[in-house]
Amino acid sequence: MFNKNIKIVLTVLIIATAIWQFTEGNIGNGIFLILLSIIPIFLYFKNEYILLAFFKLRKQDFAGAKVWLDKIKNPETALVRKQQGYYNYLNGLMLSQTNLIQAEKYFKKAVELGLSMDMDLAVAKLNLAGIALSRRRKLEATNLLNEAKKLDKHNMLKDQISMMKEQMKKI
């Protein structure tokens with residue numbers, strides 16, 4: 001994995017080479033290089049390791065996703081802000097299976113950094129509500145559930161939210 005700044009420098013070098021190819025009369029090479037420069041630009045905004053971790057999670061392979069996320073050594077320098085949010089979000093999802101204390105830390109950091117999709121933000125807040133509920137912080141859990149409900153525009157989390165509200169009545 002390249003640092004985000006290296007990806008920008010690589011893109012600039014490829015575009016400069018493409019311009020040189022255009023001036024030399026090699027139009028085909030220049031067009032190919034311009035198209036090739038799209039790859040590092042895409043990988044600047046969508047980190048390759050995070051994409052591979054998402055693919056592993058779709059197959060329910062938590063261990064494989066963790067392997068890809070562990071390849072990101074220093075997320076603050078290697079990732080842009082939204083990618084850092086997703087890095088923490090994915091770590092929180094994986095840790096929510098085993099260690100709720102660390103998962104809460106990752107989910108809070110993901111919400112703080114921001115996530116691109118409202119659905120991901122709703123899932124993070126729903127998990128935070130579940131963690132708060134397990135620690136008997138009913139007010140915090142209620143607020144997080146309400147926020148998750150607002151963010152869930154397609155009612156995909158409706159069952160989980162209603163189940164958690166039922167559990168809150170027992171406390």
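In which loop is the place of asparagine 155? In this predicted model, asparagine 155 is found in the loop between H10 and helix H11 (158–170). Its phi is near 55°, a positive value in a residue other than glycine. Most residues other than glycine have a negative phi. A positive phi also occurs at arginine 136, which is not a glycine and has a value of about 65°. Arginine 136 is placed in the loop between H9 and helix H10 (138–151). With a relative accessibility of 62%, arginine 136 counts as exposed, because exposed residues are those over 50%.

A further loop residue is asparagine 47, which is situated between helix H3 (38–45) and H4. In contrast to the exposed arginine 136, asparagine 47 is buried, its relative accessible area being 1%. The C-alpha atoms of asparagine 47 and isoleucine 72 are 9.7 Å apart in space, while the two residues are 25 residues apart in sequence.

The aromatic residues were examined next. Five aromatic pairs are counted in the model. One of the pairs consists of phenylalanine 54 and tyrosine 86, whose ring centres lie 5.8 Å from each other, with 65° between the planes. The arrangement is classed as edge-to-face because the angle between the planes is over 60 degrees. The pair links distant parts of the chain, since phenylalanine 54 belongs to helix H4 (residues 48–58) and tyrosine 86 to helix H7 (residues 81–95), 32 residues apart. The two partners fall into separate classes of accessibility: phenylalanine 54 is partly exposed, at 28% relative accessible area, whereas tyrosine 86 is buried, at 9%. The value for tyrosine 86 qualifies as buried because it lies under 20%. Phe54 and Tyr86 are also members of a cluster, linked by ring pairs, that includes Tyr89 and Phe107. Elsewhere, a charged residue accompanies a ring: lysine 105 lies over the face of tyrosine 106, 5.1 Å from the ring centre.

Phenylalanine 107, a member of the aromatic cluster, is found in helix H8. Its relative accessibility is 0%, and phenylalanine 107 therefore counts as buried. Beyond residues up to four places away in sequence, phenylalanine 107 touches Tyr89, Gly92, Leu93, Ser96, Ala124, Asn127, Leu128 and Ile131. Lysine 138, by comparison, is 31 residues from phenylalanine 107 in sequence and 18 Å from it in space, C-alpha to C-alpha.

Two packed helices are described by the angle between their axes and the distance between the axes. For helix H8 (residues 100–113) and helix H9 (residues 118–134), the axes come within 10 Å and cross at roughly 140°. The crossing of H8 past H9 is left-handed. On the H8 side, the contact is made by Leu100, Ala103, Glu104, Phe107, Lys108 and Val111. These residues meet Leu121, Ala124, Lys125, Asn127, Leu128, Ile131 and Ser134 in H9. By residue type, the contact of H8 with H9 comprises eight nonpolar, two polar and three charged residues.

Helix H9 also contains leucine 126, a residue that counts as buried at 9% relative accessibility. Leaving aside residues up to four places away in sequence, leucine 126 touches Leu145, Ala148, Leu157, Gln160, Ile161 and Met164.

Methionine 168 lies in helix H11 and, at 7% relative accessibility, counts as buried. When residues up to four places away in sequence are not counted, methionine 168 touches Leu133, Lys138, Ala141, Thr142 and Leu145. One of these residues, leucine 133, is 35 residues from methionine 168 in sequence and 7.2 Å from it in space, C-alpha to C-alpha. Leu145 is touched by methionine 168 and by leucine 126.

Methods. Residues numbered from 1 in each chain as written. Predicted model: local features only at pLDDT ≥ 70, side-chain atom pairs only at ≥ 80, totals over all residues. Heavy atoms only, no water. Phe/Tyr/Trp six-rings, centres within 6.5 Å; stacked < 30°, edge-to-face > 60°. Helix = DSSP H or I, 4+ residues; strand = E, 2+ residues; numbered from the N terminus. Buried < 20%, exposed > 50% of the residue type's maximum accessible area, 1.4 Å probe, protein only. Lys NZ or Arg CZ within 6 Å of the ring centre and 35° of its normal. Axes fitted to C-alpha atoms, helices over the stretch in contact; angles between N-to-C directions. Left-handed = near helix turned anticlockwise from the far one by under 90°. Contact = heavy atoms within 4.5 Å. Nonpolar A, V, L, I, M, F, W, Y, C, P; charged D, E, K, R; others polar.
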